[in-house]
Every structure is written in structure tokens, then in C-alpha cells.
Amino acid sequence: MLPKGANLQKIRNGNKTYAVTPHLPGGFVKPEVLEKYAQVARKYEGTLKLTSAQRIMITNLKAEDIEAIWAELGMQPAMGFANCVRSVKVCPGIAFCKRGKQDSVKLGLELDRRYIKKEMPSRMKFGVSGCPNSCSESVIKDVGVIGTEAGWDVYVGGSAGSHPRLADKLAESLDYYDTLRLVDIVVRYYQKYADIERVGQFIDRIGFAKFQADVLAEFNGTGAVESTVTASTVSSEKLTPMPGALTEGTLVVGDPITQGSVIADIIRIYPQTIPVLRGFGMGCLGCPSATGEPLEKAAGIHGLAVEELIVALNEVVLRGKLT
Ligand code: SF4
């Protein structure tokens with residue numbers, strides 16, 4: 001059986017080796033997190049490899065070490081399941097690059113927070129570039145944005161790999177909030193109407209003219225696809241849960257755990273909290289009725305101080321996360 005949070009890499013002489021790839025929003029990594037990678041790779045004789053999605057993979061690992069490796073890293077796997085938002089590639093933008101026209105780090109991290117691992121009809125990749133040099137390869141991403149002097153241009157339907165396709169430009173010169181709003185409409189339109197197909201294949205099937213007309217009609221307030229993003233609510237807005245997605249329930253990746261967080265959501269979104277819950281004596285994590293309770297209620301049943309539990313859980317969640 002495949003070890004949880006690992007990918008099978010090679011089978012040599014009947015021996016399997018695996019890789020783990022933690023999520024690194026925007027490709028940013030703190031020195032202390034980098035040290036963890038090095039410690040784990042050294043201890044378990046892994047090989048470190050930079051990936052095209054701005055992550056660091058540790059490969060050449062043994063199945064029996066995977067659980068301990070995740071515990072020692074204290075990080076989350078980058079991948080949810082096959083058909084989800086797999087990556088948001090972000091260039092340095094105006095924060096760090098002299099050519100930057102827009103703040104790709106701010107927009108990219110917000111898109112990562114909203115959509116990473118969210119279930120989709122097929123795999124989906126985002127690219128956020130701070131200027132037309134497009135170092136995040138925005139035109140070969142399912143959703144790509146490129147900063148210009150005038151704002152953000154939004155592209156859809158790009159892909160690389162064995163069926164390369166250049167993205168179509170959907171809109172141009174949008175501000176930050178309108179970009180988030182348009183991307184949200186694109187994502188929802190794709191979720192609602194696509195079969196098991198990439199965004200580009202979906203566009204080729206229905207025609208870009210129809211795709212653009214439907215999405216922009218909604219964007220301009222005359223369509224039928226609901227967007228959850230508005231300028232006034234963008235900073236505090238939470239994703240609407242999608243059936244079957246990792247965002248279903250009370251938590252979205254990136255949210256802090258609170259007393260109202262449901263146990264099932266906590267362990268699905270942040271599986272690294274399971275040992276913490278068990279450490280507090282909550283051994284009933286396999287029971288659907290028990291895991292359907294909010295943290296506060298579950299803590300009360302076990303005679304625990306919920307505040308103490310919240311601190312311990314969030315400590316594990318925040319470990320290794322860019323803050
Ligand atoms: S896309 Fe532009 S802003 Fe981003 S890293 Fe490349 S040159 Fe710099």
C-alpha cells in the first residue's frame with residue numbers, strides 16, 4: 001500500500017522508493033524550515049530535488065520512514081488528490097524584482113490560500129507573474145495572471161506536458177480585487193460545467209467565445225455563476241464549501257483552528273494534528289459521530305481545556321508555514 005503523503009518513485013530490484021513533497025506557498029521557505037529538510041534528508045538518506053512547482057521534494061525514501069518523516073517535518077503534503085488545484089507558481093514581482101509591475105507575491109499567496117488542493121474536474125495549475133516576462137509561465141497554466149503597468153491580465157486554458165496549449169487572454173488591466181473575483185468565477189464555471197478535462201480542453205470543447213461570454217457576463221453582473229469574492233469582503237471572506245472537496249466543512253487550508261472547528265475538518269485539512277489530538281486523549285478519531293463535533297464540545301466531553309488544545313493544534317499547523 002502507498003504510504004500516506006508519499007509518491008512511489010522507483011522500483012529497483014523489487015525495492016520501492018518514495019518521495020514526499022511538502023507544500024511551500026509561493027515557493028518561499030524560511031531558513032529553519034530549510035534546515036528541517038536537510039536534517040530529514042540526512043537522517044533518512046533522502047535526496048533533495050527542486051521541483052518545477054517551486055517545492056522541495058525529498059526522494060529516495062523507504063515506505064517505513066514516511067510517517068516519521070512527516071512528523072519531523074511538521075508540514076503538509078503539497079498534493080491533495082489527483083484532480084485538484086496542484087500548484088500556484090509565483091514570481092518575486094515588485095516585492096523582490098526590479099522589473100515587477102504588480103505584487104505577484106500578494107496575489108499568488110492569496111490564490112494559494114483560496115484554492116490549493118481544492119477539488120476540480122481535472123488537475124489545475126495557476127501561474128502568477130509580476131510582469132510580461134512571465135517567469136511563472138502564466139500562459140501555460142490553467143489559470144494565469146500577468147502584471148502590467150495597468151493592472152492584471154488574466155489568461156485561461158494553458159498547459160504544458162504532452163498536450164501543450166497556450167492560454168487565451170480572458171481580460172486585461174484588472175485591479176487586485178477584480179482579478180480575484182474573475183478567477184473565482186472561472187474556477188466555479190469550470191467546476192460546474194467541465195467534464196474530466198483540463199481548462200484548455202474544456203475551452204476547446206465549448207469554444208473560447210462561449211467561455212469568455214459566460215464568465216464575463218457573470219463578472220459584469222449579468223450571468224448565473226455565483227462568485228464569493230467582493231472587494232469589501234476579500235480579506236475576511238471564506239471559501240464556500242464545495243461538496244467532496246478538501247474545503248468542504250468548517251476549515252480551509254490556511255485557516256487557524258478555533259473552538260468551532262469540527263474535528264473531522266481539522267484532521268482532513270491538517271492531518272499532522274492527529275498525534276496532538278491523540279496526545280490529549282482523544283482516541284475516537286475513527287468514529288464519525290465523534291469527529292462531527294466542534295472542538296469545544298469534544299474538549300468538554302473529554303474534560304479538556306479547549307484553549308490549551310487550540311494552542312497545541314495551531315502550533316503544529318503553523319510549524320513550517322510561512323507567516
Ligand atoms: S515575471 Fe517579471 S516581475 Fe516576475 S520575476 Fe520575472 S521579470 Fe521579475
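## Ligand surroundings

In this predicted model, the ligand is surrounded by 13 residues, of which the closest are Cys 91, Cys 97, Gly 130, Cys 131 and Cys 135; a residue is near a molecule if its C-beta atom, placed from the backbone, lies within 6 Å of it. Sorted by class, this shell holds five nonpolar, seven polar and one charged residues, where Ala, Val, Leu, Ile, Met, Phe, Trp, Tyr, Cys and Pro count as nonpolar, Asp, Glu, Lys and Arg as charged, and the others, Gly among them, as polar.

Residues are numbered from 1 along each chain as its sequence is written. Local features need pLDDT of at least 70 and side-chain atom pairs count only at pLDDT 80 or more, whereas totals for chains, interfaces and linings use all residues.

## Overall make-up

The protein chain has twelve helices and nine strands, taken as DSSP runs (helices H or I, at least four residues; strands E, at least two) and numbered from the N terminus. Of its 323 residues, 39% are buried, a residue being buried if 20 or more other C-beta atoms lie within 10 Å of its own, exposed if 12 or fewer, and partly exposed in between, with C-beta atoms placed from the backbone.

## Nonpolar cores

A nonpolar core is a set of buried Ala, Val, Leu, Ile, Met, Phe, Trp, Tyr and Cys residues joined through C-beta atoms within 7 Å. The largest one has 40 residues, and those touching the most other members are Val 128, Val 154, Val 156, Leu 182, Val 183 and Val 186. Helix α5 (residues 176–193) is the element that gives the most to this core, with eight residues. Another core, of 14 residues, lies apart from it and includes Ala 6, Ile 58, Trp 70 and Met 75.

When neighbours within four places in sequence are set aside, the contacts of Val 128 include Val 88, Val 90, Cys 91, Leu 107 and Val 145, a contact being a pair of C-beta atoms, placed from the backbone, within 7 Å.

## Helix α2

Helix α2 (residues 66–73) has Ile 69, Trp 70 and Leu 73 as its buried residues. Seen down the helix axis, these fall within an arc of 95° and so line one face of α2, the arc being that of the directions from the axis to the C-beta atoms. They pack against β2 (15–20), α1 (31–43) and β4 (56–61), while Ala 68 and Ala 71, on the other side of α2, are exposed. Just after the helix, Gly 74 takes a positive phi of about 65°.

Terms used:
Two residues are in contact if their C-beta atoms, placed from the backbone, lie within 7 Å.
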